[in-house]
Amino acid sequence: MRVYLAGVGGMLGEALHKVLAENHELKCTDIDVNEPWLEKCDFRDFAEYERQVSAFEPTILMHIGAHTSLEYCEINPDDAYRTNALSVEHAATLAQAHGIPLVYISTAGIFDGKKELYDDWDQPGPLGVYARAKYLGEIVVQTRVPKHYIFRAGWMMGGGPRKDKKFINLLMKQLAKGVTELNVVNDKLGTPTYTVDFARNLAAMIETPYYGLYNMVCGGETGRLEVAQELVQQLKLQDRVQVKPVTSDYFAQEYFAPRPACERLVNYKLKLRGMDLMRDWRVALHDYVRDYFSDYVKPFAPQYASEAKDLR
Ligand SMILES: NC(=O)c1ccc[n+]([C@@H]2O[C@H](COP(=O)([O-])OP(=O)(O)OC[C@H]3O[C@@H](n4cnc5c(N)ncnc54)[C@H](OP(=O)(O)O)[C@@H]3O)[C@@H](O)[C@H]2O)c1
């Protein structure tokens, strides 16, 4: 396939580029040209997006990028809606015009958090600007592009020290500073999603005619606290670092955007189709740390670094 990837310079994009380049011809673009394989394109600019897509003549369009900071989206709603919702309308228009399928990445964060587990058919109830814009993107893609794949990710882990903007890297940076205590919320439940597994599952799905919307997260049900405890265990730092449970109020100033108490997903449709390739989150976390952080952790987790090979 000739794959046009828009907004693919981030943590998911890093894995998508690696996985999809094995079997497809790619054109990779982002507003932030941070890799030699990236070209610049701001997808808020329809004329520019159209020019680049038309020049490449893709057989499939993947609209990947977004503003992913919930706090940025709350403070800058106009840019959040332009980037995360209107740009998806651009992608839908282009996919229609070229008669090609569209891939869109959505999020577990579109739910209201009142249920303990959400399947693909549960009704979203977005709480904040980011979630609402991402949900609007889902609706646009579903209503305007007959051949679409929408994949909902959970708490993304991927990209390593350079690209990971999320939870695992935040913990890693604190551990690298030598902290002996990690304050972690005990009231947020969700499902980690390893970018490499996600990219592999996506690559398998686009070979099928099973268009539609899919939850696509790692296996297992967990929460922030348990993920942090598991990370500390895997790094063999449990004797040195204490994971201290706190409530979300503790971080209320820093993380003021509304977040669902529970955004756990289950890949029900993928399972029914026999297409759920996502591994358990603990196994994926282990591979993530081993494959992306092994050099980084050497100064503060030398025991892990020396034993990491045996765990493969
Ligand atoms: N991270 C998560 O936990 C998570 C969870 C569920 C779903 N998702 C979804 O997964 C997708 C990929 O996210 P990610 O985790 O890889 O986030 P990421 O690391 O922030 O990557 C997103 C990329 O999109 C770029 N971008 C932003 N505005 C753009 C524009 N106008 N034109 C072109 N590129 C633009 C960003 O550039 P800048 O960095 O310069 O802004 C960034 O390189 C997004 O659709 C996101 O909503 C993410």
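**Entry 1: the shell.** I sorted the residues of the shell around the ligand into 11 nonpolar, nine polar and seven charged. For this sorting, Ala, Val, Leu, Ile, Met, Phe, Trp, Tyr, Cys and Pro count as nonpolar, Asp, Glu, Lys and Arg as charged, and the others, Gly among them, as polar.

**Entry 2: my ground rules.** The model is predicted, so I note that local features need pLDDT of at least 70 and side-chain atom pairs pLDDT 80 or more, while totals for chains, interfaces and linings use all residues. Residues are numbered from 1 along each chain as its sequence is written, and side-chain values use heavy atoms, with hydrogens and water left out.

Entry 3: Ile 64 places a backbone N or O atom 2.7 Å from a ligand oxygen. Tyr 130 has a polar side-chain atom 2.7 Å from an oxygen of the ligand, and for Lys 165 I found 2.5 Å, again from a polar side-chain atom to a ligand oxygen. The protein buries 91% of the 890 Å² that the ligand exposes when taken alone (Shrake-Rupley method, 1.4 Å probe).

**Entry 4: Thr 193.** Is Thr 193 buried or exposed? Thr 193 counts as buried because its relative accessibility is 0% (buried is under 20%, exposed over 50%, partly exposed in between; 1.4 Å probe, protein chains only). I also saw that a polar atom of its side chain lies 2.8 Å from the backbone nitrogen of Gly 154.

Definitions and conventions. A polar contact is a pair of N or O atoms within 3.5 Å; within protein, one must be able to donate a hydrogen and the other to accept it, and residues adjacent in sequence count only if both atoms are side-chain atoms.
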